[in-house]
Structure formats: structure tokens, C-alpha cells
Amino acid sequence: MADTSDTRTPAQIEADIKRRREVLAETLDEIGVRVHPKTIVGDAKAKVAANVDHTIGRAYVQVNRLVSDVRAQFVDEGGAPRMERVVPVALVAVGVVGLLALGARRRKG
């Protein structure tokens, strides 16, 4: 059998019920906001944006590292170009551009 030895007054019971209703209403409002389609879409967009930012940041670091490594191959510690490495690369670049230009000229003619 239930214990009916509650010593609260009816006014205290009504106040407790009122407080619990307010807490429940607040909780339901929060749930309503969380399951609203705009909130769900906004959260998804925020997650995607965060992942894209993270990926772009990692790519930026990798590109920076690659540029630094390439620069170290062609420039000495003092900042002067290493001619023994620059000249062969420049000759290859000129040769490739020349071959491309020659190939384009042959297609037109």
C-alpha cells in the first residue's frame, strides 16, 4: 500500500507541480529546437565547415612544407641560389616549353 504520510501542504504540492511543469516546458522547448530541421541542417553545415577548415589547414601545412623543401634544394642557407641545381632545371624547363611550342606549331601547320 502507498505511503500517504506526505506532510506537505496543498500549496506546497501545487508549487512543486508548477515548478516541475516549468522545467518540463523548458526541456520540451529545448528538444523542439534541437529536432527542428533548420537546427539539424545548421549543425550539419557547421560540422562540414569545420571538417573543410581542418582539411584546408592540413593541406596548407603540407604545401608550405613542400615549398620549403623545394626552396631548400635551390637556395643555400645564405639565401643565394645554388647555380649547380638551378641551371639544369632551367634548361629542362626551357626544353619542355620549346617542345610544347614546336608541337603546337606542327598541329596548326
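Where is the place of Asp16? Select Asp16 and look: the residue sits in helix H1. Helices (H or I, at least four residues) and strands (E, at least two) are DSSP runs, numbered from the N terminus.

Before moving on, note the ground rules. This is a predicted model, in which local features need pLDDT of at least 70 and side-chain atom pairs count only at pLDDT 80 or more, while totals for chains, interfaces and linings use all residues. Residues are numbered from 1 along each chain as its sequence is written, and side-chain values use heavy atoms, with hydrogens and water left out.

**Stop 1: Asp16**

Stay on Asp16. Its relative accessible area is 19%, so Asp16 is buried. Buried means under 20% relative accessible area, exposed over 50%, and partly exposed in between (1.4 Å probe, protein chains only).

**Stop 2: Arg8**

The side chains of Arg8 and Asp16 meet in a salt bridge, 2.3 Å from N to O. A salt bridge is a side-chain nitrogen of Lys or Arg within 4 Å of a carboxyl oxygen of Asp or Glu. Arg8 is partly exposed, at 36% relative accessible area.

**Stop 3: Arg19**

Now select Arg19. Here Asp16 forms a salt bridge too, and the closest N and O atoms are 2.2 Å apart. Why are Asp16 and Arg19 separated by about one helical turn? Because they are 3 residues apart in helix H1, which covers residues 10-34. Arg19 counts as partly exposed, with 48% relative accessibility. Show the three residues together: Arg8, Asp16 and Arg19 are linked in a network of salt bridges.

**Stop 4**

Is Glu77 buried or exposed? Glu77 is exposed, at 77% relative accessible area. How many salt bridges does a search of the whole structure find? The search finds 3.

**Stop 5: the nonpolar patch**

Select Leu24, Leu28, Ile31, Val35 and Ile40. These residues form a nonpolar patch on the surface, with about 480 Å² of accessible area together. Patches are made of residues with over 30% relative accessible area and no salt bridge; like charges are joined within 9 Å, nonpolar side chains (Val, Leu, Ile, Met, Phe, Trp, Tyr) within 5 Å. Accessible areas come from the Shrake-Rupley method with a 1.4 Å probe; for residues, only the protein chains shown count as cover.

Color H1 next. The largest share of the patch, 3 residues, comes from H1. End on Ile31, which lies in helix H1. Ile31 is partly exposed, with a relative accessible area of 43%.
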